[in-house]
Amino acid sequence: MAIHADHELHRRRFGRNLGLGLVLGAFVILVFGLTIVKVSRQDEHGNPPGMEASQ
Amino acid sequence: MGASDHRGEAMSDLSAYEHTQEAGFGDYVQLLKPRVMSLVVFTAMVGLIVAPVGVHPFVAFTSILFIALGGGASGALNMWYDADIDRVMRRTRGRPIPAGRIGEGEALAFGLALSLISVLMLGLAANWFAGAFLAFTIFFYAVVYTMWLKRSTPQNIVIGGAAGAFPPMIGWAVATGGISVESVLMFLVIFMWTPPHFWALALFMKDDYSNAGVPMLTVTHGRPATRKHIFVYTLLLAPCAVALALSSIGGPVTLAAAIVLNALFILGAVRILRRNEDTAEADGYRAEKSFFKLSLAYLFLHFGALLIEASLAPIGLGGW
């Protein structure tokens, strides 16, 4: 069996690693976006929206 | 050991690899049952949008994503537990675990990790009630349905349907933080819709369930009894759909859709009830197949009508 640098096995692994990398990247962006949304919607006391009445 | 021995060892390792079907990224996606996921995404999105409380679009997007991921995680756990059944049935033999591309332990770890991530992230993004509801749904599908009832009762489809009916309630909980009559009605429509949908499929797919040891209604009670069951559930479904149309999230569009769709659905069920296996075989299960297709449109159009009501509301139209 000849050993090639781009064996089918390597292509599958590369595809899997690329997919995982993209998913992790998207997850980081998602958490960052959520943080921005949550922080920007707090009032000056750090309460989430809708909490003013109970304070 | 000489250098040639090492080379020989490496070669034999590689030939072993040659026969191993290494999993690609798509195999992990397949483990999440993407087709089931699309229904989860759609119904959860409707539940979230029609709720009377507004949600920030980014929070809404993230929440739907993690509800879908939770649904996918329960699919992976289902595939892990059902690998023995999947190996026996022709339709499922090519799935990643029975085909040997993903190990059983790996699928279990994948399902558990995604369950944990999806529940935690939904809790953090929306609220902990929605997160707990998602956890309960995963538990219900993976443990109550897959591990317990699927192999012990012919009513398995009915009970499994509950897991598929929870997503609009979770979407509603993301917005409101709770449960209400409207969200329960959305649940009931999917819950009552699931048995006729799957039993119609079981009538014409003829999967080898009996070899796999799954007590499907078509096998345990026979096909004529399955036809009766489809008819009864279709009758029970109609009032649930009309009640949803008359609720605060319904309106004239939903009511019109409910009347037309349920009339067609009952008509289709009557047609199935009146047939026997000989007539069905003769025309290639035409009535059963068209009922199944109608069932897909039924759910999509019902929830689509709710979306139309919600989108017409800002301009003073839609709703009661």
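A pocket is an open set of grid points with protein on both sides within 12 Å along at least five of seven lines. The exercises below concern a predicted model.

**Exercise 1. Determine the volume of the second largest pocket and describe its lining.**

Solution.
Step 1. The volume of the second largest pocket is about 710 Å³.
Step 2. Its lining consists of 20 residues, and those closest to the centre are Leu20(A), Val23(A), Leu69(B), Phe110(B) and Leu114(B).
Step 3. Two or more lining residues come from each of these elements: α1 (8–40) of chain A, and α2, α4 and α6 of chain B. The largest share belongs to α1(A), which gives eight residues.
Step 4. Sorted by class, the lining holds 18 nonpolar residues, one polar residue and one charged residue.

**Exercise 2. State how much area is buried between chain B and chain A, and identify the residues of chain B that lose the most area.**

Solution.
Step 1. The size of an interface is often given as the accessible area lost when the parts come together.
Step 2. Between chain B and chain A, about 1800 Å² is buried, and carbon and sulfur atoms give 72% of this area.
Step 3. On the side of chain B, Glu22(B), Phe25(B) and Phe58(B) lose the most area to chain A; together they account for 33% of what that side buries.
Step 4. The contact involves 24 residues from chain B and 20 residues from chain A.

**Exercise 3. Find the salt bridge between chain B and chain A, and describe the side of chain B that touches chain A.**

Solution.
Step 1. The count between the two chains is one salt bridge.
Step 2. The partners are Arg12(A) and Asp27(B), whose closest N and O atoms are 3.8 Å apart. This pair qualifies because the cut-off for a salt bridge is 4 Å.
Step 3. Three residue pairs are in polar contact across the interface of chain B and chain A.
Step 4. In chain B, α1 (3–19), α2 (25–31), α4 (57–81) and α6 (104–125) each supply at least two residues of the side that touches chain A. The most come from α4(B), with six residues.
Step 5. By class, this side of chain B has 16 nonpolar, four polar and four charged residues.

**Exercise 4. Locate the two partners of the salt bridge between Asp82(B) and Arg151(B).**

Solution.
Step 1. Over all chains, the count comes to 12 salt bridges.
Step 2. In the pair of Asp82(B) and Arg151(B), the closest N and O atoms are 3.0 Å apart.
Step 3. Asp82(B) lies in the loop between α4 and α5 (83–88) of chain B, whereas Arg151(B) lies in the loop between α7 (128–149) and α8 (156–165) of chain B.
Step 4. The two residues are 69 residues apart, and the pair links distant parts of the chain.

Terms used: Residues are numbered from 1 along each chain as its sequence is written. Chains are lettered from A and ligands numbered from 1 in the order in which they are written. This is a predicted model: local features need pLDDT of at least 70, side-chain atom pairs count only at pLDDT 80 or more; totals for chains, interfaces and linings use all residues. Side-chain values use heavy atoms; hydrogens and water are left out. Contact means heavy atoms within 4.5 Å. Buried area is the accessible area (1.4 Å probe) that two parts lose on being put together, summed over both. A salt bridge is a side-chain nitrogen of Lys or Arg within 4 Å of a carboxyl oxygen of Asp or Glu. A polar contact is a pair of N or O atoms within 3.5 Å; within protein, one must be able to donate a hydrogen and the other to accept it, and residues adjacent in sequence count only if both atoms are side-chain atoms. Helices (H or I, at least four residues) and strands (E, at least two) are DSSP runs, numbered from the N terminus. Ala, Val, Leu, Ile, Met, Phe, Trp, Tyr, Cys and Pro count as nonpolar, Asp, Glu, Lys and Arg as charged, and the others, Gly among them, as polar. On a 1 Å grid over the protein atoms alone, a cavity is a set of points where a 1.4 Å probe fits but cannot get out, and a pocket is an open set with protein on both sides within 12 Å along at least five of seven lines; lining residues have an atom within 4 Å of a point. Grid points are joined across faces, edges and corners, and a volume is the space filled by probe spheres set on the points.
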